[in-house]
Amino acid sequence: MRWRPSGSIQVEDRRGAGGGGGLGGLGMGGLGGGGIPIPVGGGIGGIVLLIIIVVVLNLFGGGGTVPSGGLQGAPGGAIASLDPKDNELQFVNAVTVDVQTFWGEQFSATGKDYPETVTVLFTDQYQSGCGVASSSTGPFYCPNDQKVYLDTAFFDELSNRFGAPGDFAQAYVIAHEFGHHVQDALGTMDQVATQQQSDPNSANELSIRLELQADCYAGVWAHSVWASPDQANVESITDADVKEAIDAAAAVGDDRIQEQATGTIDKESWTHGSAAQRSTWFTNGFHGGTTDSCDTFAASTL
Ligand SMILES: [Zn+2]
C-alpha cells in the first residue's frame, strides 16, 4: 500500500491521556477482533446479550441523540499539526482522510451531506461517548459521539495474535469502523437497533448483517483506491494488499475468535459473522465497487 500524509487532520490523539471513570459498556459497532472477553464455560452468550443491551441503551438511553450537522474537526481534541515523524498517527490520519473523502463524494453524489468525523487514537483506556474504551475492547465506532476509537496496540494484536499483519489489514480495520459511521449517517444503525429491540431473538442475526455490511463498505472503499490510484492519501494498493484485508476480515470472524479463545464454536452467539462471511462481504464490496453490492439485509444467504 502506498500512501502519503494528509494536510487535513481528522484524528484525535489521546495516546497516553488515560480514561478515568468507571466501567463502561462496550461501544457499538466493534470490529469483533478485540474484546475477546475469554469467558470459560459458555459465558459468551451472556456477554453478547449484555453487549446488545448496552448497544440498545447507547442508542436509546438518556437522550443520547447524535448531534446533527456533523462534527467538523474535533472540538477540544483537535491537534494543530501532526508530527511528521509520528508514522502511526500519520498513517491513521491518512487512511481516515482517504476513507472520509471517498464517502463524502459518495454522499454528495446522491445529494446527501456526509458528517465528517475523527478517529480517536488512544492507549490503555479512554472515556468515549459509549463508555470506557480499553485495549481489550478492540476498535469500535461509537454512535453517541460519532467517532471511531482505535487503540494503537490493536494493530500489533492483529498481526501477532490474529495473524493478519500488514498496513492494508490495518486500513481495512479503519475502513470497517467508518463503514459503521456511514450506516449511522444513513439511518441503518437506528433501524437495526429498533428491530433488535422489537425482536430480541433476531438481534444477533441483525448484528451480523450490520457488521458484514461494514465489511462490504470497507471493500467498496478499497475498490476506489484500486480503481483510481494517486487520487488521494491512500495512493495505491496491490493484490497483496487486498489479500491482507481479506485475511484480516477472516481473522476477526466469530468462528476464528471463538476457536482461539475457547476452543469451541457457538454459532448462536455470533454477532459479526464467520471468517468466510466476513472475507466474502469485503470481497463483494471490492468487486462491486458500490454500496449496491452491500445489501446484506436483503441477502437470503450471507
Ligand atoms: Zn463492526
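The model is a predicted one.

**Nonpolar cores**

The largest nonpolar core has 59 residues, and the members that touch the most others are V95, W103, Y172, W221 and F282. At least two residues of this core come from each of α2 (87–109), β7 (147–151), α3 (153–160), α4 (167–186), α5 (188–198), α6 (203–227), α7 (239–251) and α9 (275–288). Helix α6 gives the largest share, eleven residues.

Apart from neighbours within four places in sequence, V95 is in contact with M1, A171, I174, W221 and V234. One of these partners, W221, is itself among the residues that touch the most other members of the core.

**Disulfides**

How many disulfides does a search of the whole structure find? The search finds two. When the bonded cysteines are numbered in sequence order, they pair as 1-2, 3-4. The geometry of each link is set out here.

| Pair | S to S distance | Angle about the S-S bond | Handedness |
|---|---|---|---|
| C130 and C142 | 2.1 Å | 90 degrees | right-handed |
| C216 and C294 | 2.1 Å | -75 degrees | left-handed |

The disulfide of C130 and C142 connects distant parts of the chain, twelve residues apart: C130 is in the loop between β4 (125–128) and β5 (131–134), and C142 is in strand β6 (residues 140–142). C130 has a relative accessible area of 3%, so this cysteine counts as buried. For C142 the relative accessible area is 0%, and this residue is buried too.

C216 is buried at a relative accessible area of 0%, and C294 is buried with a relative accessible area of 0%.

**The crossing of α7 and α9**

Two packed helices are described by the angle between their axes and by the distance between the axes. For α7 and α9, the axes come within 7 Å and cross at roughly 145 degrees. The crossing of α7 past α9 is right-handed.

Which residues make this contact? On the α7 side they are V242, A245, I246, A249 and A250, and on the α9 side A275, R278, S279, F282, T283 and F286. By type, the residues of the contact are eight nonpolar, two polar and one charged. F282 of α9, part of this contact, is also named among the members of the largest core that touch the most others.

**A185 in α4**

Is A185 buried or partly exposed? A185, in helix α4, has a relative accessibility of 34% and therefore counts as partly exposed. When residues up to four places away in sequence are not counted, A185 touches F107 and P115. The C-alpha atoms of A185 and D113 are 8.9 Å apart, while the two residues are separated by 72 residues along the chain.

How values were computed:
Residues are numbered from 1 along each chain as its sequence is written. This is a predicted model: local features need pLDDT of at least 70, side-chain atom pairs count only at pLDDT 80 or more; totals for chains, interfaces and linings use all residues. Side-chain values use heavy atoms; hydrogens and water are left out. A nonpolar core is a set of buried Ala, Val, Leu, Ile, Met, Phe, Trp, Tyr and Cys residues joined through side-chain atoms within 4.5 Å. Buried means under 20% relative accessible area, exposed over 50%, partly exposed in between (1.4 Å probe, protein chains only). Helices (H or I, at least four residues) and strands (E, at least two) are DSSP runs, numbered from the N terminus. Contact means heavy atoms within 4.5 Å. A disulfide is a pair of cysteine sulfur atoms within 2.5 Å. Axes are lines fitted to C-alpha atoms, for helices over the stretch in contact, and angles run from 0 to 180 degrees between N-to-C directions. A crossing is left-handed if the near helix is turned anticlockwise from the far one by less than a right angle, and right-handed if clockwise. Ala, Val, Leu, Ile, Met, Phe, Trp, Tyr, Cys and Pro count as nonpolar, Asp, Glu, Lys and Arg as charged, and the others, Gly among them, as polar.
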